[in-house]
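Please read the model below with its division into domains in mind. The text then turns to individual residues.

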Amino acid sequence: MTELHKNYIGGEWVAGDARPNINPSNTNEVVGEFAQGTAADAKAAIDAAALAFKTWSQSGIQQRHDILKATGDELLARKEEIGRLLSREEGKTLPEGIGETTRAAQIFHFFAGETLRLAGEILPSVRPGIDVSITREPVGVVGLITPWNFPIAIPAWKIAPALAYGNTVVIKPADLVPACTWTIVDILVRNGLPKGVLNLVMGRGSVVGQAILESPKVNALSFTGSVGTGKKVAEASIAVMRKFQLEMGGKNPTIVLDDADLKVAVESTVNSAFFSTGQRCTASSRLIVTEKIHDQYVEAMAKRMKDLVVDDAIKQGTHIGPVVDQSQLDQDERYIQIAKDEGGTLAVGGNRIERDNPGFFLEPTLFTGTTPEMRINKEEVFGPVASVIKVADYDEALAVANDTPFGLSAGIVTTSLKHASHFKRNAEAGMVMVNLPTAGVDYHVPFGGRKGSSYGPREQGKYAVEFFTTVKTAYTQP
């Protein structure tokens, strides 16, 4: 019998109804059995976090540093094992799974250092003889709700700063991918994290997530996921006047100008659109190409895409793994049909693929002849599906790139310093890439977008302090 991976509440491992974690590369394989939490479990976890906050918020920075550092060390030492687990539960290729695990380790190492760098200010008052100190304090009990597409990196970049700055945590990972978050919690606990400081409640968003949303004891809530759910998080948080942070959708553009290096253009857009099966909020699904290079670019893209190997995520030589589950596969196919119905030309791919094992395999798909107003260019597909929009020049390309309710990431491929500089200033996105894939970001710099993509302070790097702390100004007359 498969071992049940339990929830962790108030320092105890708590059982619940079992839910199988299915490998999308081989639906006959159960990665593990994971407990399903209840609303009562979520409330107990919140109560435990509230109780633990009294002592953890006053804990020494060396203690926090040591626990986070040890966690990063163990993640790095076990990156091959955990990376394989990630690839089995989510469908990223094994190199991507190992790479994401490495990134999670780096995140814990970075925030271990941040515990020793938390600074304030001492200023003179305008009133003689009075001192003013400005300090940062932990915000309290933090609820974390994480998505399925980055099963270890996103939990890491929420958990690590929350703990580093003295908060206590209740985390609910995506139902599809609980194993990696469970592993992080297990590592933190074994490396000395006190009881109640971190609580894991796996289960349905409509049950566990809703209980977190409704609790007035949750002082801050960080969410990554869909736009629809993000709006519900915002509404619930406003109702109890809590701090909240949202990372949601994207419909990210990459512009390819006539002067682009064609090889750079193809490699960066293939990576942006199709690696990680296109299941990245930073993926570039709108490829905006100026007319003189358009035909050459499409021909080169088609040739490059046909060389991509779609197969079991663990298999050596696989470039693109499966879609995460049947529901997501159905959504991808629905948008492929929508693009056809709208008049787009299916240039490459678009079909399900049969492999040795049953899985959710889909060819990387490229449409040409699309226009900005088509649904395929307005709505987030979240799969290995991209469309080409032909434009006359840079000015039209920029206008089309910004014509979206989203604003997470945007890219340009050009050898023109003039156009690159103008685009960096005028792209309506939180992150801009020049001659690089839109989906590659570093762990030590801020992550986030504009418009409908993000709300609240940035995640990652030293900017994470803005969300996970509150500022206090104190006046003293000696």
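Predicted model: local features only at pLDDT ≥ 70, side-chain atom pairs only at ≥ 80, totals over all residues.

Residues are numbered from 1 along each chain as its sequence is written, and side-chain values use heavy atoms, with hydrogens and water left out.

An unreviewed UniProt entry places the feature "domain: Aldehyde dehydrogenase" at residues 13–473. UniProt positions are given in the numbering used here, feature names are shortened, and annotations may be inferred rather than shown by experiment. The span 13–473 is 40% helix and 23% strand, and its end C-alpha atoms lie 40 Å apart. Helices (H or I, at least four residues) and strands (E, at least two) are DSSP runs, numbered from the N terminus.

The protein chain is divided into domain 1 (4–248 + 453–476) and domain 2 (253–434), with bounds that come from an automatic or database domain assignment. Taken over C-alpha atoms, the centres of domain 1 and domain 2 are separated by 31 Å.

How many residues of domain 1 are in contact with domain 2? There are 24 residues on the side of domain 1, in contact with 28 residues of domain 2; contact means heavy atoms within 4.5 Å. Between them the two domains bury about 2000 Å², 59% of it on carbon and sulfur atoms. Buried area is the accessible area (1.4 Å probe) that two parts lose on being put together, summed over both. In domain 1, Ser-25, Trp-148 and Ser-453 lose the most area to domain 2, together 26% of what that side buries.

Across this interface the rule finds 0 salt bridges, a salt bridge being a side-chain nitrogen of Lys or Arg within 4 Å of a carboxyl oxygen of Asp or Glu. The rule does find 8 residue pairs in polar contact across the interface of domain 1 and domain 2, both residues at pLDDT 80 or more. A polar contact is a pair of N or O atoms within 3.5 Å; within protein, one must be able to donate a hydrogen and the other to accept it, and residues adjacent in sequence count only if both atoms are side-chain atoms. Strand E5 (26–36), helix H3 (79–90) and helix H4 (94–114) each supply at least two residues of the side of domain 1 that touches domain 2. The largest share of that side, 4 residues, comes from H3.

Gln-245 lies in strand E12 (residues 243–247). Gln-245 counts as buried because its relative accessibility is 1%; buried means under 20% relative accessible area, exposed over 50%, partly exposed in between (1.4 Å probe, protein chains only). Its side chain makes a polar contact of 2.6 Å with the side chain of Ser-222. Not counting residues up to four places away in sequence, Gln-245 also touches others, including Lys-158, Tyr-455 and Phe-467.

Ser-215 sits in the loop between helix H7 (205–214) and strand E11 (220–224) and is buried, with a relative accessible area of 12%. A polar atom of its side chain lies 3.1 Å from the backbone nitrogen of Lys-217. Leaving aside neighbours within four places in sequence, Ser-215 is in contact with Ile-46 and Arg-242.

Thr-277 is in the loop between helix H9 (262–274) and strand E14 (284–290), and at 2% relative accessibility it counts as buried. Phe-382 is in the loop between strand E16 (365–370) and strand E17 (385–391) and is buried, with a relative accessible area of 17%.
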